[in-house]
Number of protein chains: 2
Amino acid sequence: MNIFITNDDGYLSEGILGLAEKLAEKHTVTVVAPHNPQSGAGHALTMHKPLRIKHFKDLSEKHKAKVFSCSGKPADCAKIGIEEVIQGKPDLVLSGINIGANLGTDVVYSGTVSGALEAAMMGYRAMAVSLDGNDLTYMDTAIRFISEFIEKYPISTMVKNYILNINIPALPFDELKGIKVASLGEVRYENDITRGVDPFGNEYFWIGGHKLLPEPGNKDVNYIKEGFVTVTPVSYMMGAEECIQLVEKKIERL
Amino acid sequence: MNIFITNDDGYLSEGILGLAEKLAEKHTVTVVAPHNPQSGAGHALTMHKPLRIKHFKDLSEKHKAKVFSCSGKPADCAKIGIEEVIQGKPDLVLSGINIGANLGTDVVYSGTVSGALEAAMMGYRAMAVSLDGNDLTYMDTAIRFISEFIEKYPISTMVKNYILNINIPALPFDELKGIKVASLGEVRYENDITRGVDPFGNEYFWIGGHKLLPEPGNKDVNYIKEGFVTVTPVSYMMGAEECIQLVEKKIERL
């Protein structure tokens, strides 16, 4: 396959380069990832300034994949990378492997998910892939899982208006419990704004709280904690179709 | 009502301050909007650095609303503004009035929509409001429409996991054809990346193409062109629930 890889971590991320190197054993791989990490980038697109693409010859030779960086956000990387950088059209776009899960309602903030969604909006088949937790001990688990998964999953049958959002637990490969296809759960935070005073006496606000334990249930946020790989179809069509008639009735009565 | 206003345009935008001033005739209004315009910001959340809030006393007196700026993105403005700036809890959060429509698949890039969605994620009732087109001639139409709409619409009955995404045509108020509750349509672009060479001989890529005319249909992208105000329920739950069983079956067969 002709595989395109991006993510919101910088192009030097072990999750990106490790995945690229593994997939390059069997596939043609092109990486276009941000110069710098872009956590929480959401689905931002850079339209107010020009963007730069840089090719890394040494990294490309080392990992047997073409490695480029882009001065933009993950969605920029996908857009420019697929339209202007990759040779030919990608059979599969992977955004990842992200260091840290992208689960539940948090996906609206996710640069990893937005990289895959941008590819889907362009008409390509795409998956976002994340490793739960913050350390790299189990990156090999995630790389092995996804490299085997894409060999077996019938990618050519994917309709193109959704992506698969895949999250892999931080466990040794043999301890993975299996795969659960699950809906997005609710992610709740506490104390998510810290108020402080800087060295110059000026007040600041810093976003970033502690995740609360998820409510019990059968959502992605639950299964990952039980040791399952979670697979969730996610779409860029954000319309709440089920509410249309309800809103229509309210407006008729005005 | 206690109304909170944000958007992705800067705090000086006529769409924000004009709306604030109008609503302040009847309501308590607090504005927290970005220092600088943030078009295409998507649902980015700033977690890697502290953010600043600034109060503008003169603007507040002039517009009879409390006006603040925030050094972050629209979702940051909503999050910090609602948790830390506004007095009490908002009865309604408005993101807008944006100068330029936010329709169809483009809403994934929209800072305006993300400001409202962030408020919904926090449990508040919210609407994103945009004026079609790029000039301000018909801003009065949009301000009048939305100020009348929120008096009549049963806001307290809105469930909190979706927002209303409202787009107003660039027309005199009396020429508005009515309101259509409609799904998001597809927005397609052509020539959406410009490749060039800068004064130093380096190649650049610039995102920003021409919108193609929408396919005929009964979506928001169609009705706005016919002169209708469009109202679309939009949700932060991006899961494609309708695809879960399909994906499950494919994975069972692996």
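This is a predicted model: local features need pLDDT of at least 70, side-chain atom pairs count only at pLDDT 80 or more; totals for chains, interfaces and linings use all residues.
Residues are numbered from 1 along each chain as its sequence is written, chains are lettered from A and ligands numbered from 1 in the order in which they are written, and side-chain values use heavy atoms, with hydrogens and water left out.

I then noted that the axes of helix H3 (residues 74-85) of chain B and H4(B) come within 7 Å and cross at roughly 30°, axes being lines fitted to C-alpha atoms, for helices over the stretch in contact, with angles from 0 to 180 degrees between N-to-C directions. H3(B) is therefore roughly parallel to H4(B); angles under 35 degrees count as roughly parallel, over 145 as roughly antiparallel, 65 to 115 as roughly perpendicular and the rest as oblique. Helices here are DSSP runs (H or I, at least four residues), as are strands (E, at least two), numbered from the N terminus.

For the contact (heavy atoms within 4.5 Å), I listed Pro74(B), Ala75(B), Ala78(B), Lys79(B) and Ile82(B) from H3(B), which meet Gly111(B), Ser114(B), Gly115(B), Glu118(B) and Ala119(B) from H4(B). The residues of this contact of H3(B) with H4(B) divide into five nonpolar, three polar and two charged, where Ala, Val, Leu, Ile, Met, Phe, Trp, Tyr, Cys and Pro count as nonpolar, Asp, Glu, Lys and Arg as charged, and the others, Gly among them, as polar.

**Helix H1 against helix H5, chain B**

I next took helix H1 (residues 14-23) and helix H5 (residues 139-152) of chain B, whose axes come within 10 Å and cross at roughly 40°, which means that H1(B) is oblique to H5(B). Their crossing is right-handed. On the H1(B) side I found Gly15(B), Gly18(B), Leu19(B), Lys22(B) and Leu23(B), and on the H5(B) side Met139(B), Ile143(B), Ile146(B), Ser147(B) and Ile150(B); by class, the contact residues are six nonpolar, three polar and one charged.

**The sheet in chain B**

I traced an open sheet of nine strands in chain B, ordered S3-S4-S2-S1-S5-S6-S7-S13-S8 with mixed pairing, where two strands pair if DSSP finds at least two bridges between them. At its edges I noted strand S3 (53-55) and strand S8 (178-181) of chain B, each pairing on one side only, and the twist averages 25° from one strand to the next. Within the sheet, strand S1 (residues 2-6) and strand S5 (residues 92-99) of chain B run parallel and are joined by four bridges, with Ser95(B) in S5(B) as the bridge partner of Thr6(B).

Going back to the helices, I saw that H1(B) lies across S1, strand S2 (28-34), strand S4 (66-70) and S5 of chain B, at about 135° to S5(B). Helix H4 (residues 111-121) of chain B runs at about 170° to S6(B) and lies across strands including S1, S5 and strand S6 (126-131) of chain B.

**The two chains**

Lastly I compared the copies: a rotation of 180° with 0.0 Å of shift along its axis superposes chain A on chain B (RMSD 0.0 Å), by least squares on the C-alpha atoms of residues with pLDDT of at least 70 in both. That is the relation of a two-fold axis, and the same surface serves both copies, since 100% of the contact residues of chain A recur in chain B.

Conventions. A crossing is left-handed if the near helix is turned anticlockwise from the far one by less than a right angle, and right-handed if clockwise.
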